[in-house]
Amino acid sequence: MKVLVPVKRVIDYNVKVRVKPDKSGVDLANVKMSMNPFDEISVEEAVRMKEAGTVTEIVVVSVGPQQAQETLRTALAMGADRGILIKTDANVEPLGVAKLLAKVVADESPDLVILGKQAIDDDSNQTGQMLAALLDWPQGTFAFKLEKDGDKLKVTREVDGGLQTVSLTLPAIVTVDLRLNEPRYASLPNIMKAKKKEIVEKTPEEYGVDISPRLTVVTVTEPPVRQAGEKVEDVATLVSKLKTAGAV
Amino acid sequence: MAVLVIAEHHHGALSDATHKVVTAAAKFGGDVDILVAGEHAGDVAPAAAKVSGVRKVLKAEGESLRKQTAESMEALVVPMMANYDAVFIAASTTGKNIAPRIAAKLDVMQLSEIVDVVDSSTFTRPIYAGNAIMTVKSSDAKKIITVRGTAFEAAGNDGSASVEDVAAPEGPFKSEFVSEEMVKSDRPELTGAKRVVSGGRALGSADEFNRLIVPLADKLGAAVGASRAAVDAGYAPNDYQVGQTGKIVAPELYIAIGISGAIQHLAGMKDSKIIVAINKDEEAPIFQVSDYGLVADLFNAVPELTEAL
């Protein structure tokens, strides 16, 4: 089985974001960038499937600026085989990314595309589902467990209230949730090996996809700041404060 | 203008989330219809017809729709969109699964988890785990929107809409429901609860989580939540997770126990009315958002609190 794994370069998980004073967006200058944490889980899952013998080739793809190549190298160091960078400095919305990925799928004919359920920058949670719709493929979102079952893929999903299992006819789309696996750290030898792996560069124009945004940002502002309250001495004081506030 | 609200319902009961989505849809403007699809749609439709301000309820039942898979819901909703300007659906796992599929089919860029409707093309939504709030204008002819329920009041129940049947789409689809394991609980549903008691990693084990958090929640009639660390460690089920990538809650009272307060957790609960934090580390970031902070060993403080209430 051949797997395609899209990865996104985002502000690092641990960075506290700052809104620009002119309210045009978030300040990305000199900020640490990393692979979207959910995408690390996708790459890890594909690599584990390859180690288990169910997957023969892992292709990783990223839509972003030149530096997104570093994100692809990280995925290659984790165990992916080759990369595709669709280079653009534009801010591409999930719909545009899904359209580009649909073209990559047409070229590469993977049996499975594994994506992160959301990117931690814009928190949209859309790209995988949109790609599934554009391809008319079935989708298993928020995956907790994957199991190959003949020409089907059983996906156990994290849903409100518990877990749900669906069976998808391959080819299919999976988006991953937090508990699917714990991504590995790439070893130094693998990081060195990854430098020799192939990354092909493309552009949205070469794919003939219109990525012009549908949404115009009006403002980006700081959320209302919550003021810290008071420290209470003991449980009895806490209970009396809560009673006074009418909370219990 | 007309808006299609897709109802959220569980075990034959209309979810309160639907009432909140109707409020958001009413703010968008035009006629508001509710689509009730899936198993028990017949039981849910009368409740949907009572939601204030609703023009009509569309009821779709059938084997293919039973579990509201994204594939079957796409087949049901996309043809209906000839008559509607927008889809509004709760940002639940069901809504998040279905909405982008409909949006892509209609060549629309979806707006996820909106917290305000400014006008019929301008919406506000949090980004970066709620550390920035973005207002965007959509140039698409139709709008596909998921709604963060905690940002809207629930619509009332003084409506009397008519109920119409809609044919379920013909299957089979390339995705089939196999099974589900639902957590059984008599407690209120986490996202709609008036009170929430959440436990973190400091509890140390699932046994301690159940021994300390659960009785306090029961005493308060509260829902139980957890930090990601507690869920990852196996102290609590997955769907207890409060935070950026889990549940977003805004109860009257939120009690965080042994939770340090990572930004991803704060993203899920900082709109709560009163926040109480119990943590032995007085430097824990949770105290920066809490109204009442108690620096104490939770293993002593929590039983004492449960006893005192």
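This is a predicted model: local features need pLDDT of at least 70, side-chain atom pairs count only at pLDDT 80 or more; totals for chains, interfaces and linings use all residues.
Lys174(B) sits in the loop between strand 12 (162–165) and strand 13 (175–182) of chain B.

Who does Lys174(B) touch? Leaving out residues up to four places away in sequence, its contacts are Trp137(A), Pro138(A), Leu168(A), Thr169(A) and Glu71(B). Now try a residue elsewhere in chain B: Gly130(B) is 44 residues from Lys174(B) along the chain, and their C-alpha atoms are 36 Å apart.

## Two chains in contact

Zoom out to the whole interface. On the chain B side, 70 residues are in contact with 65 residues of chain A. Sort those chain B residues by class and you get 31 nonpolar, 21 polar and 18 charged.

Strands from the two chains also pair up. Strand 12 (residues 215–221) of chain A and strand 10 of chain B run antiparallel, joined by six bridges. To find one of these pairings on screen, look for Val220(A), whose bridge partner in strand 10 of chain B is Met134(B). If pairing is new to you, strands of a sheet are held together through backbone hydrogen bonds and can be parallel or antiparallel.

## A sheet with strands from both chains

Val159(A), for instance, is opposite Gly162(A) in strand 9 of chain A.

## Chain A as a whole

Chain A contains six helices and 13 strands. Along its principal axes, its C-alpha trace spans about 65 × 45 × 40 Å.

Of the 248 residues in chain A, 48% are buried. Take the contacts in chain A with a separation of 6 or more: residues 24 or more positions apart account for 69% of them.

## Two helices crossing in chain B

Over in chain B, helix 3 (residues 70–80) packs against helix 4 (residues 93–105), with axes 9 Å apart and an angle of about 50 degrees. That angle is why helix 3 of chain B counts as oblique to helix 4 of chain B. The crossing of helix 3 of chain B with helix 4 of chain B is right-handed.

Which residues meet there? From helix 3 of chain B come Ala70(B), Met73(B), Glu74(B), Val77(B) and Val78(B), and from helix 4 of chain B come Asn97(B), Ile98(B), Arg101(B), Ile102(B) and Lys105(B). By class, this contact has six nonpolar, one polar and three charged residues.

Most residues other than glycine have a negative phi, and most peptide bonds are trans. Here are some exceptions to look for. Leu170(A) and Pro171(A) are joined by a cis peptide bond, with omega about 0 degrees. Pro171(A) is in the loop between strand 9 (162–169) and strand 10 (172–176) of chain A. Another cis bond, with omega about -10 degrees, joins Gly171(B) and Pro172(B). Pro172(B) lies in the loop between strand 12 and strand 13 of chain B, and Lys174(B) has its place in that loop as well.

Phi gives you a further pair. His40(B) is partly exposed, because its count is 16 C-beta neighbours inside 10 Å. Tyr128(B) has a positive phi near 50 degrees and lies in the loop between strand 9 (122–127) and strand 10 (132–138) of chain B. Tyr128(B) has 25 other C-beta atoms within 10 Å, so it counts as buried.

Methods: Residues are numbered from 1 along each chain as its sequence is written. Chains are lettered from A and ligands numbered from 1 in the order in which they are written. Helices (H or I, at least four residues) and strands (E, at least two) are DSSP runs, numbered from the N terminus. Two residues are in contact if their C-beta atoms, placed from the backbone, lie within 7 Å. Axes are lines fitted to C-alpha atoms, for helices over the stretch in contact, and angles run from 0 to 180 degrees between N-to-C directions. Angles under 35 degrees count as roughly parallel, over 145 as roughly antiparallel, 65 to 115 as roughly perpendicular and the rest as oblique. A crossing is left-handed if the near helix is turned anticlockwise from the far one by less than a right angle, and right-handed if clockwise. Ala, Val, Leu, Ile, Met, Phe, Trp, Tyr, Cys and Pro count as nonpolar, Asp, Glu, Lys and Arg as charged, and the others, Gly among them, as polar. A residue is buried if 20 or more other C-beta atoms lie within 10 Å of its own, exposed if 12 or fewer, and partly exposed in between; C-beta atoms are placed from the backbone. Two strands pair if DSSP finds at least two bridges between them.
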